[in-house]
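Please look at the structure below and keep it at hand while reading the questions and answers that come after it.

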Amino acid sequence: MNKLITVSPSPHAHSGESVSKLMYGVVIALLPAMLVSFWFFGMGAIYVTLLSVASCVLFEFLIQKYILKKEPRISDGSAIVTGVLLAFNLPSSLPPFIIIVGALVAIGIGKLTFGGLGNNPFNPALVGRVFLLLSFPTRMTKFPKLEGFNTPVILSDSNISDATTGATPLGIIKEGLGSGETISSLMEKNHLGYADFFMGNTGGSLGEIAAFALILGLIFMLARKIITWHIPVSIIGTVIIFTGILFLADPNQYADPLFHILTGGLLLGAIFMATDYVTSPMTPVGQIIYGVGIALITVIIRVFGAYPEGISFAILIMNAFVPLINRYIKPKRFGEEVKNG
Amino acid sequence: MNETILFTILSLSGLGAGAAVILYIVAQKFKVIEDPRIDEVEEALPAANCGGCGFAGCRNFAEACVKAENFDGLYCPVGGNDVMASVARILGKEAVEQEPRVAVLRCNGSCEARPKTNIYDGATSCAVASALYGGDTGCQYGCLGFGDCVEVCTFDALSMDPFTGLPVVNDEKCTACGACVKACPKDLFELRKRAKKDRKIYVACRNEEKGGIAKKSCTVACIGCSKCFKVCPYEAIVMENNLAFIDSEKCRLCRKCVTECPTNSIIEIGFPPRKIQDKEETAVGPEGREEKDTNSTINTKEE
Amino acid sequence: MHLGVPAKCLVNKGDEVKVGQLLASADGFVSANIHSPFSGTVLKIDKALDASGYKRDAVFIGVKGDEWLSTIDTSTQLKKDCRLDPAEIIHRINEAGIVGLGGATFPSHVKLTIPRGKKAEYLLINGVECEPYLTSDHVLMLEKGEELVVGVSILMRALNVEQAVIGIENNKPDAIAHLREIVTGFPNISVQALQVKYPQGGEKQLIKAVLNREVPSGGLPVDVGAVVFNVGTAVAVYDAVQKNKPLIERVVTITGKSLTTPANYRVRFGTPVSALIEAAGGLPEDTGKVINGGPMMGKALADPGVPVVKGSSGILILPEPEAARRQTEPCIRCSRCVSVCPMGLEPYLLMVLGQKSLHERMENEKVMDCIECGSCSYTCPSSRPLLDYIRLGKAEVGKMIRSRKK
């Protein structure tokens, strides 16, 4: 035979799964929430999403090619996922330069300084988001009123006022409790309802408003086996238990569990941000510990802290613990405990 | 306002002072008394932490030097005799001199000489490939070319030649630390005595196959014909397992064996062109001319 | 030809040999005899490339006729009764050079010799096809079911165990039904259907599936009271004990998508793989890889001219596009390798440790438990060569442990 045959160590078969397939799977799972944001925020949402994705991909390409001098690998889709997730964490009324700075921080500092895909200890999109939140606090916490395609695209500094912007439910509650009001009266006064939270008819950043769309994404990712149930379920479960205890203690001071689940970025964080492969633990037990930690920190920040929302900080804090969790939480080795029966 | 500032200054200073006291106590309590000469010796070492001496790092080697009665078996190949002499001075012991050495690759099976017989498609590592099978050419003794040696070389003395597919030793950078010797799964590297002007003559082959089979898989294989063995005036050549080996301790670099070899498996490096040599020396076989040509091409490649 | 110490050659150049004649004798306890699969003249004793990818000592025989040793019972009649005592059975198995035919080729008499202080309660017969594509065990169970069951009863006698279970994956309902019918005459042998799940054919996995017992790390199956044999081994035991026939042949699957006539053949050892491929319709044009074994654990052959050996359960021909590995990408820590590992190891970590030669840490991370099933590399979305480096590290750690014992 003239043709040379191939020799390699076993196994000789492969599942056909690939990084880009997984990443595009995540993008598909993000689509429902993206469409909801387009519906409620109109052109502003489309512009923020496109600009965020484009600048993330561009920075990934430029930095890899010209600064790190290695083969750019933007086709794996990880920069797209980061871009969409970053956009999901932004209000639709940001000026372009803030979004571009956010993308640069997310990709440049959050991801590539650590060695690129697979080596970053912190979730890049959240690094970008938290950077913006700390640098532009007013801009990042003013959300336009939901007016569909009539929502103004970019608000200049002069017209940021309560007339054109709406706060998030968590912000309203936090502010109201500070001035001594009770939860039920605040809910009534501001026309806050669970159905609106569920459908997305509420103030907030792009991706966090519609619970149903995020849950659709979760179901898709579970069905495609892109993620496992451990992280989302442990986060949501712990939030329910923790806020439930607080609610039973004093319903006037503490919101009920359902409110905590449906508002703010909790579902977005639990389903898409905390489950980021690179920055979450490797073993199921480790993932549950990680999820419980995120939930506890989130609720503590929300209820007792200065910020109305805490899941971004909670995820970043738990990201820092992931190497430790991986070091000490080992999978159950086969034959570890000898069962006879 | 002043009170606040005062309170801050006092509390922080107090905290600092408290921490300093704790640190001092801890440092005193857990102090490890070390021979100060260890530091001195470590200072004298090259600090490459290459492990060429057989210890995990320079400090471990320094500790061993301080502890040891004499320097038997303790030698820093990177620093060489100079460093060992200064270490000896610090410790007041007798220095042991060693001939400086250099690594050579005992394989010359370039892509041309040794055609591929299959395609390897596993992890790019000689160790992995070698654990799997004999290699992607007919010769199961030769270089696999995935560069495990280049990877382990801390002195940047090894590089892969893209044309031959073989690693090349940079004599100036090589410190004979022996990392490549350990890394090569085919055991192709040998640490040889450094001669004047980095001249060397060695059998660039480890194929133990019988002549015909060896020649079939690689045109520059040693076929174990013993011609070099017979011609060597200094008994520097050993024949074993169909393979010739030139002992660098005994070899006087007379170059007689090089011309004798029918397969050009003996390589000479760092010599002036053969033409002048031909006239000076006597009796070079009729094939001498051809030999010289191939050798000079190798020379240029290696340099 | 088998795991353990190589056997010592007994014949010389020019000797006449008959089928079944001893060619090389076991050298040490963990070693096995090798018998001549052919009759003819010994041409030479030299090194030859085998499935391991390296040249090993081999006996070259010029084949002439097919003359069997007269002591071998070549009739096909079933001999059910066996009244020999256990020591005699083990002796005969040892003489016949029987090794585990599942693929690991561990000498069988070693397994049958239960260490002092241990007690085997169950004999498990592995009818789980180790890997996808291979069907040799399946065919054997259908065609030699009776011999198989007699072989099992002999093994039970040798081990002095009360219970034997034949484990078969439930994608082979015909084999399950066929064997269930036969074992009605044997009260202590049962057939258990198992779910289809790779790597169910692994010894430890089979024990877990059938008995729900986990062999402790670094332990042997007998530590949980079980001894496992492959169906092929059980048939070989029948041949050796009842017919005095040494191990000279086995069933080999030859398969591949592009082959014209994939089939199972009973092949004598030493037959070149290329001859098998010819019998199955010749090597297809688009051949990318020739594998000795299955797609998950088999060994790719550099040269199809190598002989069939005791561990060759199948020859798999993969077409070109399937043969090539994909480009390796960075690890994204998706933890699929961790969740898929049947031994509860962390392949991503072991690979990194293997690349860095951190062998002590690999030992602490239980690398020696790895069964090299290949599930981690199979499932990795980044196509990382996980098993390549783990296997390498495992070999190094094994060396380290052995040198420590000395």
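This is a predicted model: local features need pLDDT of at least 70, side-chain atom pairs count only at pLDDT 80 or more; totals for chains, interfaces and linings use all residues.

Residues are numbered from 1 along each chain as its sequence is written, chains are lettered from A and ligands numbered from 1 in the order in which they are written, and side-chain values use heavy atoms, with hydrogens and water left out.

Q: How many residues does chain B bring to the contact with chain C?
A: Contact here means heavy atoms within 4.5 Å. On that basis chain C takes part with 14 residues, and the number from chain B is 19 residues.

Q: How many salt bridges are there between chain C and chain B?
A: A salt bridge is a side-chain nitrogen of Lys or Arg within 4 Å of a carboxyl oxygen of Asp or Glu. Side chains of opposite charge can pair when their charged atoms come close. Between chain C and chain B, however, the count of salt bridges is zero.

Q: How many salt bridges does a search of the whole structure find over all chains?
A: The search covers the whole structure and counts salt bridges over all chains, and its total is 41.

Q: Which residue of chain C forms a salt bridge with A:Glu17?
A: The closest N and O atoms of this pair are 3.7 Å apart, and the partner of A:Glu17 is C:Arg336. A:Glu17 lies in a loop of chain A and its partner in helix H10 (residues 336-340) of chain C, so the pair joins two chains; helices (H or I, at least four residues) and strands (E, at least two) are DSSP runs, numbered from the N terminus. The residue asked for is C:Arg336.

Q: Is B:Glu190, at 12% relative accessibility, buried or exposed?
A: Buried means under 20% relative accessible area, exposed over 50%, and partly exposed in between (1.4 Å probe, protein chains only). B:Glu190 forms a salt bridge with B:Arg106, and B:Arg106 has a relative accessible area of 9%. At 12% relative accessibility, B:Glu190 counts as buried.

Q: How many residues apart in sequence are the parts that C:Lys64 and C:Glu16 tie together?
A: C:Lys64 forms a salt bridge with C:Glu16, with the closest N and O atoms 3.9 Å apart. C:Lys64 lies in the loop between strand E6 (55-63) and helix H1 (86-95), whereas C:Glu16 lies in strand E2 (residues 16-17), so the pair ties together parts whose separation in sequence is 48 residues.
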